[in-house]
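Let's take a short walk through a protein model together. Keep your viewer open and get ready to select a few side chains.

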Amino acid sequence: RNSDALDRTNSRIRTGLFLWFLGGNVKSALVNATQNFTMGVPVLGAEVGAGKAYGKVLASSYDAVADWKSKREAGQESKVLTRDEAAFLDDFQKHGESLARKTMELTGLQERGWSESWAGKLAEWAGKPIEWAEKFNRLSLALAAYRAAKAGDVSNARTLGKYGEAKGTPWSEANARKFAREIVNEAHFVYGKANAPAPVRGFARGLAAGYTFRTYAQSLLSWYGRMLAGEKGSVGRIAAAQVVLHSTVLGGVAAIPFYGTMRTVLSSMFDGDPPEEVAGVDQLDILMYGLPSLAGMYIGGSMELDVPLVKDLKGNETVMEQLKEGLWLAVTGPLGGAGDKVGRAVYYADTGQAGRVLEELAPTALGNIIKSYRLGTEGARTRSGKPIPAEGDKSGKPATLSLGEMALQAAGFQPMSRAKGWNAYQRTQEKKAYKSDYQSDLVTRYVTASSAKERAKLEQERMAWNKEHPDRPIQPLWKLAKRRERPVK
């Protein structure tokens, strides 16, 4: 009974978190709709060949939409599908395998009866765009895999041996259906209690609601691990590389697994210079921000796969302080994120920023609309009110959004001008933080030096820094040391 009560509580918390963070967000539905490109094509490609999978998934997507538009009832003949294909999709849906299982888990509607409550109905309505995208992904990929098996296009020797089928020979109906179901589950994952880590199923069940938004990342990391470990041989490793490539095409460098952590480490090696700047990637929008940048928007933030344990190795907080904060957010997930939002709202209330209080506390779908108005009228500013100018703008004025950009922001997308402006501001701040930390270290060593020779050597080190970083010069150490030695009043 206690277990059931805890499950019900977790379901209600999931519903609340979904409505606060994801419900009604157009961008969430669009990102969900890309999963057949990012995952479906590579997974099917490991079975039929990386090149062939693109055409098969694309054709099946088109036919699945056409079949849906015809409003065909189960058992009726289809205008675009063969009799066997239509029968398979009918059976696939009859057994609930086309259900948007990820959406059901996110909304907390897996619990019986909860969907009939007012909160459940609201979450169901708010989750419709994401549900439609997920259902379309599952149906179209199932059709593509089924067709590949029936046409005898599966070439993976391990899979052929597993099913007892021969290369180039059409598969039996039963095996083709089973194969299609396995491909869908591999590409779109299995959701529910069985897929949660053991601690979340056991002693840490109280964190189950907070872990919900981490389920996809956990499943993807597990899949990467199996592929790289050789579960499918070389074709599995190629599929893993293909997933990274496809994710980067859509989300830019931020979509590379663990890029945030790697960026932090590399920045510390480059004296605070971000690796994308050192490599020149930041000069090419399509590489830095992905294909959607051509349409003026950025979705990379929603495609990140990282554990934000350390944000900045050279900043105001120590590494241990950052590790504690990062671990807390990694464990609590959206529950910790909700706490952060409340904390920011309190700060804005204390500093008289009433509009941003509402922006933080409102559900994300409404908060995006409020934010788009603020960015279009007042412009972009930090929490403390410092202006964030557009990239390359030296005037110091906060960047504002155009009407078109405001519409993108209201739908949950980050306009390119805002993404580039924020990244430019962030890079500047990171460089300043690294220089400040390095300068402080130099001055400390200078003050505690035991000889003039040692101090002269430190001055040479300072001049070498200035030569390499003319944009961030350090004053003579004797001057800085003199300031430090002033008595505290």
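Start by selecting Glu 182, which is partly exposed, with a relative accessible area of 30%. Please keep in mind as you look around that this model is predicted.

Which residue does Glu 182 pair with in a salt bridge? Select Lys 162 as well: the closest N and O atoms of the two are 2.8 Å apart. Now colour the helices. Glu 182 sits in helix H10 (residues 173–188) and Lys 162 in helix H9 (residues 157–163), so this pair ties together parts that are 20 residues apart in sequence. Lys 162 counts as exposed, at 56% relative accessibility.

Next, go to Glu 85. Is this residue buried or exposed? Glu 85 counts as buried because its relative accessibility is 11%, and the cut-off for buried is under 20%. Its salt-bridge partner is Arg 147, with 2.9 Å between the closest N and O atoms. This pair links distant parts of the chain: Glu 85 belongs to helix H5 (residues 83–94) and Arg 147 to helix H8 (residues 128–150), 62 residues apart.

Lys 420 is in helix H23 (residues 416–447) and Asp 285 in helix H17 (residues 285–288), 135 residues apart. Asp 285 counts as partly exposed, at 26% relative accessibility.

Lys 420 and Asp 285 are part of a network of salt bridges, whose members include Asp 273, Glu 277, Arg 427 and Lys 431.

Notes: Residues are numbered from 1 along each chain as its sequence is written. This is a predicted model: local features need pLDDT of at least 70, side-chain atom pairs count only at pLDDT 80 or more; totals for chains, interfaces and linings use all residues. Side-chain values use heavy atoms; hydrogens and water are left out. A salt bridge is a side-chain nitrogen of Lys or Arg within 4 Å of a carboxyl oxygen of Asp or Glu. Helices (H or I, at least four residues) and strands (E, at least two) are DSSP runs, numbered from the N terminus. Buried means under 20% relative accessible area, exposed over 50%, partly exposed in between (1.4 Å probe, protein chains only).
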